[in-house]
Amino acid sequence: MREFDVAIVGAGLAGSIAAAMLARAGHAVAVIDAAKTYPDDFRVEKFDGEQMRVLARTGLSDIVLASSTLDRSVWVTRLGFLAEKRLSDQHGFDYGRLVNTLRAAIPPSAAMMHAKVTAIANSPKLQRLTLSTGETIEARLAVLATGLNESLRASLGIGRIELERCQSITFGFDMEPAQAASFPFRALTHYSEHPRFRAAYITLFPIGARMRANFFVYRRLDDPWLRRFRDAPEATLEAVLPSLARFTGPLRIVGPVKMRPVDLCVTEGYVQPGLVLVGDAFGTACPAAGTGARKALVDIERLCNGYVSRWLATPGMDVDKIGAFYADPEKQESDRRSLALARTTRAMAVDPGFFWGLRRWLQLGATRARWTRNLVRAALSGTVGNTPYDAPARPPRQSA
Ligand SMILES: Cc1cc2nc3c(=O)[nH]c(=O)nc-3n(C[C@H](O)[C@H](O)[C@H](O)COP(=O)(O)OP(=O)(O)OC[C@H]3O[C@@H](n4cnc5c(N)ncnc54)[C@H](O)[C@@H]3O)c2cc1C
């Protein structure tokens, strides 16, 4: 039977980064994932500056920089008004391609196994993993980076608490201007104009020469609106974001429209000997709040830089060691913030009450004030026009 220091189950974003970091640190690592190539699954499609800064601490940000497109500036609209043009540091990418590039960065010293882990027998000393190939391996620590997959967690007695079923639904598609050569901006974040539209916002950002769109709505899965969106995406989009065309001009959706609902879930019963949960396996985030990837990156950075080497330096892998990771202040703050932001983002979009209505207008005012202040500063320092807010990053026109 093969023995390892760490067995990582799942090689998505979280598992691939963990494998690269731990193998680089000299540990004997096994990575197990059924898919040889990560499929074209719909997940996060851009990192912002904050996420890139967490990523930098994993030592792998150069890979993301090389596989992504920087937007450099963004227009922000609120309640139908242009609220701000500002510098931006969002990096757009194809998730599957990024994960496969990260997998390629895992040092050859790590054993990559293409199988499903069907069972784990965990203990304070050694973890025994059974693979779908019939092979069994042992490791001192098992890292569960299995994303949204329920079965392995459930077999370990780790429960899923559903805080909100279908918290939000995300659409992903490419767009191009219907009548112009390019869009007038490099990137655009356009917030919903009214709670009755049950939408959070649409964000347009470049990936290579394409203009990608992520659109977040709050609807039930049986809402007939979803079928209308599938059948006539441009007209349905225009009906719920009526002022969007003022900023984009007439537009066209090209290529396939991906759609994915996400439940807001946390886990229970996860403090177990020899086993840690990271990324979506530990808890999901609302895509509209844009915190899922940061949560996964904080988990991995804290686990690999803060704990694993220390744990392996002494015998055993009891719950005291494992509990220290879950109690890490940065991880706890990241999880807390992610849940809080999921609720605030939703209320800002769909709560019709006076308080949230007032907050929407105050946010427009604050963003406008910031833009005005920056314009005045640029005028005083003689740098007006130095920042290319309006020119497109690349000609984003692309045929389906
Ligand atoms: C539609 C959508 C939009 C999103 N948008 C955003 C956004 O805008 N901003 C943001 O920050 N976050 C966003 N997120 C969240 C973000 O994408 C996730 O938090 C992140 O991708 C989680 O990565 P992961 O490695 O935990 O899971 P995954 O990437 O799903 O990887 C899980 C891996 O585990 C493997 N696996 C599962 N079970 C087993 C098993 N038994 N044996 C072996 N392997 C197994 C799978 O094959 C897979 O490779 C979005 C999520 C979705 C679904």
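Me: At what angle do the axes of helix H1 and helix H9 cross?
Reply: The axes of H1 (residues 13-24) and H9 (residues 292-312) cross at roughly 25° and come within 10 Å. Axes here are lines fitted to C-alpha atoms, for helices over the stretch in contact, with angles running from 0 to 180 degrees between N-to-C directions, and helices (H or I, at least four residues) and strands (E, at least two) are DSSP runs numbered from the N terminus. This is a predicted model, in which local features need pLDDT of at least 70 and side-chain atom pairs count only at pLDDT 80 or more, while totals for chains, interfaces and linings use all residues. Residues are numbered from 1 along each chain as its sequence is written.

Me: Which residues of H1 and H9 meet?
Reply: From H1, Leu13, Ala14, Ile17, Ala18, Met21 and Leu22 meet Ala293, Ala296, Asp299, Ile300, Leu303, Cys304 and Val308 of H9, where contact means that C-beta atoms, placed from the backbone, lie within 7 Å. By class, this contact has 12 nonpolar, no polar and 1 charged residues; Ala, Val, Leu, Ile, Met, Phe, Trp, Tyr, Cys and Pro count as nonpolar, Asp, Glu, Lys and Arg as charged, and the others, Gly among them, as polar.

Me: New topic: what domains does the chain have?
Reply: The domain assignment, which is automatic or from a database, gives domain 1 (2-70 + 92-163 + 263-347) and domain 2 (165-262 + 354-377). Their C-alpha centres lie 30 Å apart, and 18 residues of domain 1 are in contact with 19 residues of domain 2.

Me: Which element gives the largest share of the side of domain 1 that touches domain 2?
Reply: Helix H11 (329-350) and strand E16 (251-268) are the elements that give two or more residues to that side, and H11 provides the largest share, 4 residues.

Me: And which residues come nearest to the ligand?
Reply: Gly10, Gly12, Gly147, Gly279 and Gly292 come nearest, out of 38 residues around the ligand, a residue being near if its C-beta atom, placed from the backbone, lies within 6 Å. H9 gives the most to this shell, with 4 residues, and the shell draws at least three residues from each of domain 1 and domain 2.

Notes: Contact = placed C-beta atoms within 7 Å.
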